[in-house]
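Below are some notes on the structure, for use alongside the coordinates. They take one region at a time.

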Amino acid sequence: MRKELNHPPDYTPPDTLQPSDAVEVPPVDAGSEDDLRLPDNPQTESSEYPTVSVVVLNYNGLKHLEPCFTSLLELDYPADRLELILVDNGSSDGSVEFMRERFPGVQVLETGDNLGFAAGNNYGAERGTGEYVAFLNNDTRVEPDWLAEMVKSLVAGKEQGVVCASSLMLDWSGDKIDFQAGGLNFHGFGFQPSFGLPAEERDRTPRELLFACGGSMLIERGVFLAVGGFDPDYFAFFEDVDLGWRLWTLGYRVTLTPSAVTYHRHHGTAGEMPHHRTYVLYERNALYTIYKNYEEVNLDKILPAALLLLGQRAVRFMELGGIELSDYDLANPAHGDPDPATNAHRNAVAALLAANEFMENLDSVRKKREWVQANRKRSDAELFALFGQPGRVNLVNHDVDASYARAHYTLLHEFGIGQLWDGLPKEVLVISPDVLPVGDIPASGSGIRAWALGKGLESRGHHVRFTMPAPALQGREEQVPAEYVRGAWTTQNLQSIVDALVPDAVVSCGWPNLTHLRRANVPVAVDLTGPHLLERAYQGFRDVETNAQEKLDTLSRGDFFTCIGQRQRYYFTAWLAQAGVDVGSITELLKVIPYSMDPEQPQHYWPSDWSDTEICFVYGGIFLPWQNPAPALLTVASTLEEEGKGVLEIIGGKHPFYPIETAEFGPLIDRLAEIPRVRMSGLLPHDKLVDVYTHAHVAVDMQQPNAERELAFPSRTVHYFWCGLPVIHPAFSEVAEHIRAYEAGWVVLHNDPEALRDVVISILANPDEARRRGENAQRLARERFSWDETVQSLDDFVREPFIRQGRVKRSAAQKSLAATIPAGGILTGGVIIGHSAGGTLPRQLQRINARRRTIPSQLAARSISLVKELAPVKGSRARPTIQNGQRRFALPELIAGHSYGQRFLCPYDGLSGIRVEVGTFGRHVTSRLAVFLRSSPGAPSDIRSLNIPAYRLKDGDALVFRFPPVQHSANRWFYLVAESPDGVPGDAVTLWVTTNEGPVKGQRYEDGLPTSGSLVMSLEFNGVTE
Amino acid sequence: MNGSSGEATEMRSVSIVIPTFNGLALLRECLDALRRLSYPRDRLEITVVDNGSTDGTAQALQRSYPSVKVVRLETNTGFATACNRGASEAAGAYVAFLNNDAVADSGWIESLFAGLDAGGAGAVCSASMIRSKDGQEVEFSGASSNLFGAGRPVSVWGWPDMPEPPKAGSSLLFASGGAMLVHRSSFLKVGGFDPEFFAYFEDVDLGWRLWVLGYKVVYAPDAVVRHAGGATGSRSGIHRRYTLWECNSLATILKNYEEGSMERVLSAALLLQYKRALMSAGDAVKSEEYALAGPRDDNAANVERLPKVSVAHLAAIDRLLARLPHFMEERRRIQAARLRSDTEILPLLGGAWEPQFAGTEYADAARTLASALDLYGITREVAPNRVLVLVAPAEEGRGEALAVRLKDDALVAFAVINGEQAGSVEREDGYTRHRLQAEDPALRTMVSQADAVIIFEGAAQLQLLAETDTPVAVIGTGGAVRLPRALYVSDMGDALLVGLCRTPGVGVA
């Protein structure tokens, strides 16, 4: 059944928009439910199939036509329901004559001129007669079920508004993925995140896509024409992105049909064009796309940022062409080259021409914008998730990317653009320096550390990929899941892994990895676990001076730093300062994340009766030369011998992959081997090690002190806690304080063998005490060392990543011309990195999502300000100001009968103002908002109050509640509460909540009852006390 | 020594701050002139901030001007930083900034104060009148800027029908940094000149910021300074100055506009800047070589030869982005302390649509942007347009009626062309009537300064209207002659005519 067309097909929206012009999601009008199912056998019941026009656009592609149309003639689709059309865009290579002779059954439409991809395909769609139209590139061939599979998807999804299906595209040989997902960054550049993956990695289940690949897709023809088809202004490139985004905005859906397979010669047509000419179209069309499709409030922020980045790309291309920016600096004492002209790369000019064409065409594009916006059915906020990676940096050329990337992230931050999708997952690459705890081989502490950081980020909702060093897997590839082997890094490929993935942030565990990551093109967090330089010194690896230089060099390439304990924080502070990190920022840039484990803990097995159980002391881990447990282990072993009870189990050995000497361990093992109550086994895979630990009873975690050990926050110790083992631990260590606080074991002086002996004897006498302390140890691990909690500071960085100002130094990097410029603006992903198994959303995200569902437009929440209306007269300048953390989520709308409050401890005298971050979701709100300051939730009277109409809340970032200073406010508790006496759903504001513990101590309240988190607020102080 | 003079002690103390970089000969003239100032010596301090000169400035000052205080900076830190440094080390309650190539009249300081005092409450900064060295040309007689932060040293007073002639205490968007007086602690409190500007337009930014923060900048027309001009900064290629002009006007937008306006003005400014980059490349760029279907060329290296002035428009973007965190931090600080809305400030701009590049193509692009980005919503707050009504002698009555109708919405000049009594000017209530011959140069000046020209068809054959960039609306058919870019409207009741008074170029293409 053909649909009536609502609009002229040339996408010229009417000048005046009438309500009747609104596009409706097509209702299900095709009779009974049965009609929605396709019959299984196309040969016998062909009339049940919808009619389809397949449009192949051709411009001088004679050589592609034979395989393409041969495959179309072999389609498993009833011939009488199928119309094959070749639209010839004015070829001069005999394509038309060839088709008439070789494929006489194919309808050939000649446009007479090269109309471009968009208008050429529209031309075919307008003249086709099918209920559906499929667009297929001429440089492809399809599987026989290609069309039927896509038709099935659309018929099945009709009720949900699915009108467009994308084929899965492989390369010509079928070995690699060409298209299975389309992404879009915020300034309009599309990308193919799966491009180049091996074909066996392809998706098997349908899922929603922002846009279907214009090279092979199916769409309801009536809808295609009604929404204006491909925008002919584009000529070519990104018109499919625009169509998909427009469909979603207008209320439709787009799906991937992975069972419909197309084989594609990539850029068979476009690849032959000079790059600077196609580049004009990419740059211009990206501007068209964002200008037409964003909501006004978002366009206001994003358009200037997009234009600045266009300029910044042009500057970078000018550098590639040979300009020296120092010649444009008036402060440069040298007068510079007197030549009034200079060389510049053509792509720079192309970007300027693109901006100019955009501007000259704005009158016409504005009408299209108005039409799309007038018919909008979904907010941008609902669609950002479909972008895939809206903050993805669009790299230009590896030689000049550093300052481009920095500008990109700076703009996201400074213009508040990143906040538009800060609730969405980020793409993160975790680089582990050692074996991860996956598969069947032993993992090291640093591998488990990397895993914990990645898992912690995953628990916050991010998409995390891990890569571990390939040499460590050599000869053991079969014992590790294949994707980890394929995605393993080497010193040669680490940078290209990053370049291909373009993650939102890299987490590099350990600074030595950064030696192989030389380009500052994405934000990098460096986890500084362990004083590696000291470890190198203990191993005699190179000389101290060389190592120190390497360390400083690599540290200067990080943007954000984490370390494992407070002592290491002091240690690394000095190093970061020497590496050129701004000393004033180090407090913000270096955060402690203790060694952390899964919040899901293994169960520890304790005997119900000790009578037939040997009490098991355990020591586990890789033997390293800077560690010396010998005196303690010998003391424990001899005590067990003397007492005639218990066993000491030692699990360990040399590092399995790296040639590290074991120093004290050699003679120690020899001596221990002579003691009967000592059992020994080699290193174990992680799960087997956990099995041993959860059946043992006490961990002997005693080491001799040295510079490395005194700084250490040992991974193995936390691992013992997590398994439920109480720990005997030396007093000099930072962890000892936690053990004391939780009674998670026994703290003993490292040089007091008698004390150690007494502890062992007491355990042998009263093993239930070991159980009690073991349970405490697990509680300690859960409360202080669970990765979903400890990862907070890294999560903050990943959520709004940045490239540190001092990181980008214009290097004397070799500037080479165009060779490395990717063909086309679609940048391609490529390397497979092990992707940790999916699964259910972490609890925290579920919680947040649950809240979001209560207000669907939550993500669109705009914050607002009263600064102008309520600011006091000049003279009472507020100082100092303290703020209590970043927005994490917004509360449900504040409606009549409810209240949101915050009890807080005021740190200074002269409290004169409170700023509370408010959201309106971009709506016009007419209700009133009342804010009261009281001494406590139960206080009968108000200290200060404010009653304002919410419509006065305008653009900005906070509701400012200012009042005459409260003179003696220091160390007093206050209670701030907001109510909305006439707020109703849909006409109310809300407040933002942080989960950080900021400097404002206190407790959040809902409806007068305490609850978790804090309102995002800051306090202002007049600072004047009389 | 004047401690006994009661009058002198009441005079406000002033520190004159002169930044200099390698301009010793001019600096001598500047300092010699200051010796002739009539302002009491004991209320004056003269400070030269030497921006790392290498021409012996420091030694010469020590020898010949021992009473001048010298602040020596090791390297050229730019005009803005030098001024800030001089102000922060000054002892006076007021600072007067003076270029090293400027010569002040003896009553300069008193006149600056007279202007300041005439400005009333909140006036903390007064501007001098700057003339060329020979006194013949006016270099600064008021301040204006287009929407995009490109400040200019003339005001709407260049228009003959400004209701009030310039006088002491009139409000100005900014004072030229080359010769101005500012209340020292206010200057320091608002942050002084932005050091990241290095040079050029830091005075526009300062003035705009003073207004946003609740202060006033005013004119002191009797405070006259003569300026040699171009003494500093001209030795390197002009592309270096272009980089600063382009970067600093963007920074002025970024810092000073209210949220909502800033983003749109910035988008338009960037698109126009990229257009200027292309237009200033001239024939170096052949657009057909960038068209997908265009003829192939043999430029295998993919490199173009571009004028550096063109490249400077993009070097400015790099410069701006490298300083973006600074400018945005300043923006947050300024906006949080805002005491005046843009609605109150934008009328000070003067010619909001003054083009930065000649030619109709550029003017048309600006108009396209104005409607696509809805900039008219912002410019509605701007000072009224200058509208010129031209008629043939037979149409005088109809033209006069239109002038009367528009006078509340615009600054109206009404001119009868090729009639009797040519050369006469009559001031009517709210507008002026000129009688001019078509070839009178004054007519060309009036057309070029107008924001819009409305003509009756009897005057439509004027040749200069076919050439002008100013939007032209013709009432009637225009007869046989068709102006290529004019808007033809049927009668004077058309609402577009009133629109022209506030939003130049609506519908004129």
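1. In chain A, A:V931 stands opposite A:A978 in β38(A). The model is a predicted one. Strand β34 (residues 928–934) of chain A pairs with strand β38 (residues 972–979) of chain A in the antiparallel sense, over 5 bridges.

2. β34 and β38 belong to an open sheet of 6 strands in chain A, with the order β35-β34-β38-β31-β40-β41 and antiparallel pairing. At the edges stand β35 (944–949) and β41 (1009–1011) of chain A; each has a single partner strand, so one side of each is left without a neighbour in the sheet.

3. Which strand of chain A pairs with β12(B)? The partner is strand β13 (residues 341–345) of chain A, in the antiparallel sense and over 5 bridges. Here A:T342 stands opposite B:L306 in β12(B).

4. The contact between the chains takes 58 residues from chain A and 57 residues from chain B. On the chain B side, the elements that give two or more residues are α8 (238–256), α9 (261–281), β12 (303–307), α10 (308–322), α11 (324–336) and α13 (360–372). The largest share of that side comes from α9(B), with 10 residues. By residue class, the side of chain B that touches chain A divides into 32 nonpolar, 13 polar and 12 charged.

5. The largest nonpolar core has 373 residues, of which A:A134, B:A96, B:V265 and B:L369 touch the most other members. Helix α8 (residues 296–321) of chain A gives the most to this core, namely 14 residues. Another core, of 36 residues, lies apart from it; among its members are B:A403, B:A415, B:I417 and B:V472.

6. What is B:V265 in contact with, leaving aside its neighbours within four places in sequence? The contacts of B:V265 are B:L147, B:F148, B:I253, B:Y257, B:L375 and B:I378.

7. Last, a helix pair in chain A. Helix α24 (residues 715–722) of chain A packs against helix α27 (residues 767–784) of chain A at an angle of about 115°, and their axes are 7 Å apart. The two helices are therefore roughly perpendicular to each other. From α24(A) the contact draws on A:V718, A:Y720, A:F721 and A:W722, and from α27(A) on A:A777, A:Q778, A:L780 and A:A781. The residues of this contact are 7 nonpolar and 1 polar, with no charged.

Notes. Residues are numbered from 1 along each chain as its sequence is written. Chains are lettered from A and ligands numbered from 1 in the order in which they are written. This is a predicted model: local features need pLDDT of at least 70, side-chain atom pairs count only at pLDDT 80 or more; totals for chains, interfaces and linings use all residues. Axes are lines fitted to C-alpha atoms, for helices over the stretch in contact, and angles run from 0 to 180 degrees between N-to-C directions. Helices (H or I, at least four residues) and strands (E, at least two) are DSSP runs, numbered from the N terminus. Angles under 35 degrees count as roughly parallel, over 145 as roughly antiparallel, 65 to 115 as roughly perpendicular and the rest as oblique. Two residues are in contact if their C-beta atoms, placed from the backbone, lie within 7 Å. Ala, Val, Leu, Ile, Met, Phe, Trp, Tyr, Cys and Pro count as nonpolar, Asp, Glu, Lys and Arg as charged, and the others, Gly among them, as polar. Two strands pair if DSSP finds at least two bridges between them. A nonpolar core is a set of buried Ala, Val, Leu, Ile, Met, Phe, Trp, Tyr and Cys residues joined through C-beta atoms within 7 Å. A residue is buried if 20 or more other C-beta atoms lie within 10 Å of its own, exposed if 12 or fewer, and partly exposed in between; C-beta atoms are placed from the backbone.
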